[in-house]
Amino acid sequence: MVSLPSTFSAISALSPLDGRYAAKLATLRPLTSELGYMHRRVQVEVAWFIAMSDAGFEEFKPLTPGARTYLLGLVKNFSEADGEAIKAIEKTTNHDVKAVEYWIKSKFEARPELEKAGEFVHFACTSEDINNTSHALQLRASRDVVVLPALDKIVLKLRDMAHAYADVPMLSRTHGQTASPTTVGKEMANVVVRLQAACDRIANVKILAKMNGAVGNYNAHLSAWPDFDWEAFSKKVVETPEPLGLGLTFQPYSIQIEPHDYMAELFDAVARTNTILVDLSRDIWGYVSLGYFKQKLKDGEVGSSTMPHKVNPIDFENAEGNLGLANALLRHLSEKLPISRWQRDLTDSTVLRNMGVALGYAVLAYSSLMTGLNKLEINEAAIAEDLDSSWEVLAEPIQTVMRRFGLPQPYEQLKKFTRGAAMTRELMQGFIAGLDIPEAEKERLLAMTPGSYTGKASELARRV
């Protein structure tokens, strides 16, 4: 058995997200790691503490500007060393939120103003008041800073391809069989439209947070100040923009935990987006296999350990595989998180620690997909050759024009003429020449080729 090193390294990581693929997730890691979670907890505790000082309580006077600057600095300058210090406290408390509270209080030493007010840190809060707001901050940042920008790059690339290849005719395949031609650009445009709508759904999910105590009723709060409007106060803390507030959307009704329905909505939206990208990855893989696209070569890269000629579409395969892993986790999160026994159980806590894992596989897939798209080079000769060997696709326009002019059984005639037979330009044009239709229409059909029979494909491709 291999002896693992005593210190963590990329090749000893249990998850490939922190090993093989660590560099590709550098933007997500600070947001969804445990260190990122601690950082957000400190942010929430500080925001609540400062707001408490401004609530008008005789027992807690407004903090001085110097104290406020110092407290906000704890958030702004939070470091890995601070996270390690909190973990050290947790070894004694065996409670991660209490460790954050004690760490903040430890930062009040030799500061009389803050030491005096120390017991207002975490005042009337249950752990979940801090956790659910922290998770909300993590998810908002992950969505806005990492996920959506990565998806936007894919949309932009596909839009560029839609416009660049708007006029490149391509044979369609339905059920794997030759069908009415399209253009390469139009097929990219189809994905652009789907993907943009999917991104809008992700962006429009309201990120909710609650700060209402142990079972959602402000019990502890009212025991201290029964005449104070705690609901309005909590809403202000939640919805006031950062850094003095959290800039989230207030959740007025909850048990001990925020219901997590918005999380399910967000994770489902990401999963649906990923499904669109699985579809794209498989289609591009197929087009590479058909020779419609070549892949740019990279010096030193090997496609097969035994077949020297191979240039494999590995980026699209990696994307598909990681999108599948992401969706498996995202769907579990969306199905599990809205369920809690009575007012609270802890099954959500351990699951929520894997938000970054689920999003990590998605972001890794987006990176692979972009790499693959950037390698593609269109092979117009192969696409044109495929079209020129598929004259049977003109059976559709021919029988449609025949219908217009009332010729008998046009569909049946073309079916008998083309089905199962190898069609050529000469055969199709010979059939057209024998039709009893106006000469102008006959000339129009005779001028038609598989490559020109693309309908509004070019126009639609340019529209996105």
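Q: Buried means under 20% relative accessible area, exposed over 50%, and partly exposed in between (1.4 Å probe, protein chains only); why is R29 called partly exposed?
A: R29 has 28% relative accessibility, so R29 counts as partly exposed. Keep in mind that this is a predicted model, where local features need pLDDT of at least 70, side-chain atom pairs count only at pLDDT 80 or more, and totals for chains, interfaces and linings use all residues. Residues are numbered from 1 along each chain as its sequence is written, and side-chain values use heavy atoms, with hydrogens and water left out.

Q: What makes R29 and D18 a salt bridge?
A: A salt bridge needs a side-chain nitrogen of Lys or Arg within 4 Å of a carboxyl oxygen of Asp or Glu. For R29 and D18, the closest N and O atoms are 3.1 Å apart, and the pair forms a salt bridge. R29 lies in helix α1 (residues 29–32) and D18 in the segment before α1, so the pair ties together parts that are eleven residues apart in sequence. Helices here are DSSP runs of H or I with at least four residues, strands are runs of E with at least two, and both are numbered from the N terminus.

Q: Why is D18 called partly exposed?
A: D18 has 36% relative accessibility, so D18 counts as partly exposed too.

Q: How do you know that K87 forms a salt bridge with E34?
A: The closest N and O atoms of K87 and E34 are 3.1 Å apart, and the two form a salt bridge. This pair links distant parts of the chain: K87 sits in helix α4 (residues 80–93) and E34 in helix α2 (residues 34–53), 53 residues apart.

Q: Why is E58 called exposed?
A: E58 has a relative accessible area of 59%, so E58 is exposed. Its salt-bridge partner is K61, with the closest N and O atoms 2.9 Å apart. K61 has 47% relative accessibility, so K61 counts as partly exposed.

Q: How many salt bridges does this rule give?
A: The count comes to 25 salt bridges. K98, E101, K105 and E119 are linked in a network of them.

Q: What makes P169 partly exposed?
A: P169 has 24% relative accessibility, so P169 counts as partly exposed. P169 is found in strand β1 (residues 169–174).

Q: Which residues does P169 touch, not counting residues up to four places away in sequence?
A: Contact means heavy atoms within 4.5 Å. P169 touches T182, T183, I383, L387, G451 and T454.
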